[in-house]
Amino acid sequence: MRVLVVEDEVRLAATLQDLLELNGYTADVCHDGEAGLDNALSSIYDVILLDVMLPKLDGFTVLRRLRAEGNSTPVLMLTAKSETADKVTGLDSGADYYLTKPFEPKELLACVRALTRRSPELRETDAVTCGDLRLEQSSFTLSCGDKSVRLSRKEFDMLELLMLNKTQIITKEKLLVKVWGYESDAEDNNVEVYISFLRRKLEHLHSAVKIKTIRMVGYCLEY
Ligand code: CA
């Protein structure tokens, strides 16, 4: 699961990123509304944490533009205590949830969990299934029949994206951004390396699902 944190208080943003990563999420941080909107529009995030008072574009504007573009990623607005009236504005712009600062870490994690459960792609359970494969989010376990293997975080993120899209082609660029984020200097061959790890694991599980390479474009599942 990938979370985008849009928060201009650098220390708070870093704390949120640490907290999320400690709890099994991958988190990217943006410190202003413009960068936040650009990143959010990539549709690679499962949840967005969005501050209200932000440089360049405020949180409500970011949210309105995001929804206007047809992006329905769940958004958790982070509001300061004094901004109670803003909550009404936020509701109109399509936020899913509010958290008033300062908040407890466990409160934040509960909200993030609630929002990811609501994400239609993931249904009620933590698991994504595809062909004979079942991928468990809580334990990073991939199983096929009675065999199972644990995946690394990057393998998990990559395979989850492929499984959620069934047989649709996912470009290398999208995989790269989903797994390594925008800030990293990872390259196309990082994707290839992890695809080969995943293929080995699929073989080990004797799964009928194959990761097919579409030359010059990307990958898709075949089953
Ligand atoms: Ca702020």
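## Terms and overview

Contact here means heavy atoms within 4.5 Å. The model described below is predicted.

The chain has 223 residues, and buried residues make up 49% of them. It contains 8 helices and 12 strands. Of the contacts with a separation of 6 or more, 57% are between residues 24 or more positions apart. The chain exposes about 11,200 Å², with 50% of that area supplied by carbon and sulfur atoms.

## Helices H6 and H8

Two packed helices are described by the angle between their axes and the distance between the axes. Helix H6 covers residues 153-164 and helix H8 covers residues 188-204. They pack at an angle of about 80°, and their axes are 10 Å apart. Because angles of 65 to 115 degrees count as roughly perpendicular, H6 and H8 are roughly perpendicular to each other.

On the H6 side, the residues that meet H8 are Lys154, Glu155, Met158, Leu159 and Leu162. Their partners in H8 are Val191, Tyr194, Ile195, Phe197, Leu198 and Lys201.

## Helix H3 and its ends

Helix H3 runs over residues 59-68. Its buried residues are Gly59, Phe60, Thr61, Val62, Leu63 and Leu66.

The N-terminal end of H3 is capped by Asp58, which places a side-chain oxygen 2.9 Å from the backbone nitrogen of Phe60. After H3 comes Gly70, with a positive phi near 85°.

## The calcium ion

Which residues coordinate the calcium ion? The donors come from Asp8 (OD), Asp51 (OD) and Met53 (O), at 2.1 to 2.3 Å. Along the chain, the donors follow the spacing D-x42-D-x1-M.

Two of these residues can be described by their accessibility. Asp51 has a relative accessible area of 3% and is therefore buried, whereas Met53, with a relative accessible area of 55%, is exposed. The cut-offs behind these words are under 20% for buried and over 50% for exposed.

## Thr26 in strand S2

Strand S2 spans residues 26-30 and includes Thr26. Is Thr26 buried or exposed? Its relative accessibility is 9%, so Thr26 counts as buried.

The side chain of Thr26 makes a polar contact with the side chain of Asp157, at 3.2 Å. Leaving aside residues up to four places away in sequence, Thr26 touches Met1, Arg2, Val3, Glu21, Arg153 and Asp157.

Conventions:
Residues numbered from 1 in each chain as written. Predicted model: local features only at pLDDT ≥ 70, side-chain atom pairs only at ≥ 80, totals over all residues. Heavy atoms only, no water. Donors = N, O, S within 2.8 Å, 3.2 Å for Na, K, Ca; no water. Buried < 20%, exposed > 50% of the residue type's maximum accessible area, 1.4 Å probe, protein only. Helix = DSSP H or I, 4+ residues; strand = E, 2+ residues; numbered from the N terminus. Polar contact = N/O pair within 3.5 Å; in protein donor to acceptor, adjacent residues only side chain to side chain. Areas by Shrake-Rupley, 256 points an atom, 1.4 Å probe, with all protein chains shown as cover. Axes fitted to C-alpha atoms, helices over the stretch in contact; angles between N-to-C directions. Parallel < 35°, antiparallel > 145°, perpendicular 65-115°, else oblique.
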